[in-house]
Amino acid sequence: TVLAVQHMAQGVARRLSASDPARAEKNVKDAQERLALWYRAMLSVLEEQGQTPAPGETPVMYAERLKEANIAGEQFRYVSEQLALARYARRKPDTATLRQAREAYALLTAQLKPMEKVRYTLRRLKQGLGDTKQIP
């Protein structure tokens, strides 16, 4: 039983590590996909706070709504704008944009309440980072 518990703990640790966006980013070559990975992670964080995009709401509209409500800041709005440009105008994100995405993610995760952090961690364990192809 001790070995089984140890094996299970190692599996949980591997899954959490694999669902860490900073670690996952290292395995992605394409800058557009890296930006989508960070944005998907931010959407998951925001979902744990009860915030989801409304039907038909673009990433920029969603970010502006959250900024006006003081839920997300300028970094998230900027990343959302850059995501739209990457997806629809095929603009390749630069290193500054990816840095902003990392910072926006850190700010969003820092504002999670303790139970939201637990739910977000469990979500990462169960679902991973989520599908970057299915970003609203």
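Tyr 120 is buried, with a relative accessible area of 5%, which lies under the 20% that sets the limit for a buried residue. The model described here is a predicted one, and every value in this report was computed from it. Tyr 120 is found in helix α7, which covers residues 114-127. In sequence Tyr 120 stands 76 residues from Ser 44, yet the C-alpha atoms of the two are 7.4 Å apart in space. Once residues up to four places away in sequence are set aside, the residues that Tyr 120 touches are Ala 41, Ser 44, Val 45, Glu 48, Tyr 105, Thr 109 and Leu 112.

The next topic is the nonpolar core. The largest nonpolar core has 29 residues, and among these Tyr 39, Met 42 and Phe 76 touch the most other members. Two or more residues of this core come from each of the elements α3, α4, α5 and α6, and α3 gives the most, with 10 residues. The table lists these elements with their residue ranges.

| Element | Residues |
|---|---|
| α3 | 31-48 |
| α4 | 59-68 |
| α5 | 74-88 |
| α6 | 95-110 |

Met 42, leaving aside its neighbours within four places in sequence, is in contact with Phe 76, Val 79, Ala 101, Ala 104, Tyr 105 and Leu 108.

Helix α5 can be described by its length and by its buried residues. The buried residues of α5 are Phe 76, Arg 77, Val 79, Ser 80, Gln 82, Leu 83, Ala 84 and Ala 86, and what covers them includes α3, α4 and α6. After α5 comes Arg 90, which has a positive phi, near 55 degrees.

How do α3 and α4 pack, and at what angle? The two helices pack at an angle of about 45 degrees, with their axes 13 Å apart. The crossing of α3 and α4 is left-handed. Where these helices meet, Tyr 39, Leu 43 and Leu 46 belong to α3, while Pro 59, Tyr 62 and Leu 66 belong to α4.

Conventions. Residues numbered from 1 in each chain as written. Predicted model: local features only at pLDDT ≥ 70, side-chain atom pairs only at ≥ 80, totals over all residues. Heavy atoms only, no water. Core = buried A, V, L, I, M, F, W, Y, C linked by side-chain atoms within 4.5 Å. Buried < 20%, exposed > 50% of the residue type's maximum accessible area, 1.4 Å probe, protein only. Helix = DSSP H or I, 4+ residues; strand = E, 2+ residues; numbered from the N terminus. Contact = heavy atoms within 4.5 Å. Axes fitted to C-alpha atoms, helices over the stretch in contact; angles between N-to-C directions. Left-handed = near helix turned anticlockwise from the far one by under 90°.
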